[in-house]
Amino acid sequence: MSIDVPFARMNGLGNQILVADLRGRADRITPDAARALDADPATRFDQIMAIHDPRLEGTVAHVRILNSDGSEAGACGNGTRCVVQALSSETGLQDFVFETLGGIVEARERDDGLITVDMGSPRFGWADIPLAEEFHDTRAIELQIGPIDAPVLHSPSAVSMGNPHAVFWVDDVEAHALDRFGPILENHPIFPDRANITLAQVISRTHLRIRTWERGAGLTLACGTAACAAAVSAARTRRTERVLTVTVPGGDLQIEWRVEDDHVLMTGPAEWEWSGRLDPATGAFTRDEPA
Ligand SMILES: N[C@@H](CCC[C@H](N)C(=O)O)C(=O)O
C-alpha cells in the first residue's frame, strides 16, 4: 500500500469533491478505492476529480471524474471549478483547458475569485442523451411516476450536458420525496446509461430553483451540470430567458446559454477544506497536519 497521491477535499456550493493529483504516474484511482473513500465520513464525496497528465495538445490535464459508487462520469461542473481553483493556487494561471470523458472543457478563474466553466453545447437528440427509444421532441418525454391517472412527476425535459439529465417541472422542489423517486428514475429503462434526475421550479424568467438526485452519487447540495441542464431546458421550453440564476440547495450558480455559439457558461465558487494523501488502489488516506 502506498499512500502517496496528494488530494484536496473541496466543495462547489456543497457538492463534495476530492481533487486528486495523479500527474506523473500511470496508475488510476480504482472503483474500489473510490467506494472506500466514500464510506469514510471524513472523505465522503459526490465526485473525485482525478488529475492526470495531458494526453492532447492544448490541454493542461486529462481529468477523470468518478462518482461515489465508483462509476465514471462525462462531466462535472462543480468539480471542474474545484480543479481550476486547485491548479490556479499552484500555478498562478487563470485559464485552463481540460480533457474529460465528455470532451474538451475550458475554464477561467475570474479576478473576483469566481470560476466560469464553458460546459459546451447541450445535446437534445434522443440517441445523444441517450434515451432507450426514439423521441422526436425531448422537451417533454413520456415518463411518469406515481398512479397512472394522477402522476406525481411526469413529462421531464431530457438533455445531455456531457452526461444524461432529466428535468421534471414542479411547483415546489421541496414538495417531493426525491430520495425515494430519485433512484427509481435514475435507473429507469428509458435511460440506458442511467440519468441525473432534477426537480426544477420556475421562480421568474431569470431564476430557477432546483434539487438533484445525481447518477452514481445520490442527493447532493449542488450539481453544476444539472443547473445547466435545467437552464437550457427552461429556455428551450420558453419558461425563462437564456441568462439566469439557478439556486441549488448549496447556493446560487449563474448560467448563460450563449446565442453566438450555443455554449453554456456556468459561474460559481469553489472552496478548499483540507488536504491529505491517498492510496489510489485501496482508498486508504492520511490527513496533512495543519500548517
Ligand atoms: N456533480 C456534478 C455532476 C456529476 C456527475 C454525475 N453524477 C453523472 O454521473 O453524470 C456537477 O457538478 O456537474
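This note sets out some points on the ligand site and the backbone of a predicted model.

1. The surroundings of the ligand. The ligand is surrounded by 15 residues, and the closest of them are Asn15, Asn67, Glu214, Gly224 and Thr225.

2. Where the shell comes from. At least three residues of the shell are drawn from domain 1 (5-117 + 270-287), and at least three from domain 2 (144-262). Two helices also deserve mention: helix H2 (77-91) and helix H4 (224-236) each contribute at least two residues to the shell.

3. In the backbone, an N or O atom of glycine 77 lies 2.8 Å from an oxygen atom of the ligand. Among side chains, asparagine 163 places an N or O atom 2.9 Å from an oxygen atom of the ligand. Asparagine 196 likewise has a polar side-chain atom 2.9 Å from a ligand oxygen atom.

4. How much of the ligand's accessible area does the protein cover? On its own the ligand has 360 Å² of accessible area, and the protein covers 100% of this. The space that the ligand takes up is the largest cavity.

5. A cis peptide bond. Isoleucine 129 and proline 130 are joined by a cis peptide bond, with omega at about -10 degrees. Proline 130 belongs to the loop that runs between strand S8 (115-118) and strand S9 (144-145).

6. A positive phi. Arginine 194, a residue other than glycine, has a positive phi, near 65 degrees. Its place is the loop between helix H3 (178-186) and strand S13 (196-204). As background to these last two points, most peptide bonds are trans, and most residues other than glycine have a negative phi.

How values were computed. Residues are numbered from 1 along each chain as its sequence is written. This is a predicted model: local features need pLDDT of at least 70, side-chain atom pairs count only at pLDDT 80 or more; totals for chains, interfaces and linings use all residues. Side-chain values use heavy atoms; hydrogens and water are left out. A residue is near a molecule or strand if one of its heavy atoms lies within 4 Å of it. A polar contact is a pair of N or O atoms within 3.5 Å; within protein, one must be able to donate a hydrogen and the other to accept it, and residues adjacent in sequence count only if both atoms are side-chain atoms. Accessible areas come from the Shrake-Rupley method with a 1.4 Å probe; for residues, only the protein chains shown count as cover. On a 1 Å grid over the protein atoms alone, a cavity is a set of points where a 1.4 Å probe fits but cannot get out, and a pocket is an open set with protein on both sides within 12 Å along at least five of seven lines; lining residues have an atom within 4 Å of a point. A molecule sits in a cavity or pocket if more than half of its atoms lie within 2 Å of its grid points. Helices (H or I, at least four residues) and strands (E, at least two) are DSSP runs, numbered from the N terminus. Domain bounds come from an automatic or database domain assignment.
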